[in-house]
Amino acid sequence: MTSGDFGPYGPGYGQPGNYPPPQGWGQPQGWGQPQGWGQPPGWGQTPGGLARRFWARVLDGLLVGILAGVMSWFVYSEDYPFLVTGLFSGVLTFGYFVLFEVTQGGTPAKKLLGLTVHGPDGVANPTAKQAALRNAFTLLAVVPYLGPLLAFVAYLVIAVTIKDSPTKQGKHDEIAGGTRVTRT
């Protein structure tokens with residue numbers, strides 16, 4: 001026998017790439033990626049699609065916008081009316097989403113459209129920290145002058161990452177440790 005029959009490390013250990021990997025090694029089929037972003041939903045859960053999530057965000061935005069408009073009317077500033085509106089809408093939107101995701105597993109509009117927000121485990125509601133991280137981008141509206149543009153860019157990034165993700169998780173879900181939105 002020659003060293004080529006056994007490879008440099010003995011029988012069965014040839015040069016890399018000269019034989020197929022052993023069967024049954026690695027993760028069992030269907031397990032997907034490790035905990036965090038890109039992880040498939042728990043058993044029996046269907047990811048919430050981009051269109052349904054978009055319409056939930058629009059409906060929630062209308063609710064928060066009406067409330068912010070009413071509140072800003074009471075503290076109207078002739079010099080900087082858009083700053084007051086941005087402050088109210090950014091802070092209210094952030095608080096609205098965090099509160100409902102932590103306590104109810106989703107906002108009223110998400111519930112209306114059959115969506116639920118889960119923590120990285122795929123079962124429980126997100127924690128306050130996860131919900132705050134997931135919705136931190138809504139505070140961009142508070143930034144004077146550039147806030148609306150920054151918020152718009154954040155929404156685009158989130159939409160693209162949701163669309164491109166097989167599990168429909170956006171960049172904000174990744175930042176929050178792997179939160180996910182599923183259809184109920």
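**Entry 1: overall layout**

I began by reading along the sequence, where the protein follows the pattern α-β-α-α-α-β-α-α-α-β, and I note at the outset that this is a predicted model. My list of secondary structure for the protein holds 7 helices and 3 strands. I then looked up the burial of the chain, and found that 33% of the 184 residues of the protein count as buried. For the accessible surface of the protein I wrote down about 11,400 Å², of which 68% belongs to carbon and sulfur atoms. Turning to contacts between residues at least 6 apart in sequence, I found that 67% of them join residues at least 24 apart.

**Entry 2: salt bridges**

I next looked up the salt bridges, of which the structure holds 5. I started with Arg134 and Glu101, whose side chains meet in a salt bridge with an N to O distance of 2.8 Å. Arg134 lies in helix 5 (residues 128–135) and Glu101 in helix 3, so this pair ties together parts that are 33 residues apart in sequence. I checked the burial of both partners, and Arg134 is buried, as is Glu101; for Arg134 the relative accessibility is 1%.

Arg134 has a further partner in Asp173, with which a salt bridge is formed, the closest N and O atoms being 2.8 Å apart. This pair also links distant parts of the chain, since Asp173 is in helix 7 and Arg134 in helix 5, 39 residues apart. I then noted that Arg53, Glu101, Arg134 and Asp173 are linked in a network of salt bridges.

For a bridge elsewhere I took Asp164 and Lys163, whose side chains meet at 3.8 Å, N to O. Here I recorded that Asp164 is exposed, and that Lys163 is exposed too.

**Entry 3: Asp173**

I went back to Asp173, whose place is in helix 7 (residues 171–175). Is Asp173 buried or exposed? Asp173 counts as buried because its relative accessibility is 0%, and buried means under 20% relative accessible area. Leaving aside neighbours within four places in sequence, I listed the residues in contact with Asp173 as Arg53, Arg134, Lys168, Gly178, Thr179 and Arg180.

**Entry 4: Leu112**

I looked up Leu112, which is found in helix 4 (residues 108–112). With a relative accessibility of 65%, Leu112 counts as exposed. I also noted the separation of the C-alpha atoms of Leu112 and Ala56, which is 8.0 Å although the two residues are 56 residues apart along the chain.

**Entry 5: the largest pocket**

How much space lies in the largest pocket? I wrote down about 370 Å³ for the largest pocket, and of the 16 residues that line this pocket, the closest to its centre are Ser89, Thr93, Ala141, Ala151 and Tyr155. I then asked which helices contribute to the lining, and found that helix 2 (50–74), helix 3 (81–104) and helix 6 each supply at least two residues.

Helix 6 had already come up in my entry on the largest pocket, as a supplier of at least two residues of the lining.

Methods: Residues are numbered from 1 along each chain as its sequence is written. This is a predicted model: local features need pLDDT of at least 70, side-chain atom pairs count only at pLDDT 80 or more; totals for chains, interfaces and linings use all residues. Side-chain values use heavy atoms; hydrogens and water are left out. Helices (H or I, at least four residues) and strands (E, at least two) are DSSP runs, numbered from the N terminus. Buried means under 20% relative accessible area, exposed over 50%, partly exposed in between (1.4 Å probe, protein chains only). Contact means heavy atoms within 4.5 Å. On a 1 Å grid over the protein atoms alone, a cavity is a set of points where a 1.4 Å probe fits but cannot get out, and a pocket is an open set with protein on both sides within 12 Å along at least five of seven lines; lining residues have an atom within 4 Å of a point. Grid points are joined across faces, edges and corners, and a volume is the space filled by probe spheres set on the points. Accessible areas come from the Shrake-Rupley method with a 1.4 Å probe; for residues, only the protein chains shown count as cover. A salt bridge is a side-chain nitrogen of Lys or Arg within 4 Å of a carboxyl oxygen of Asp or Glu.
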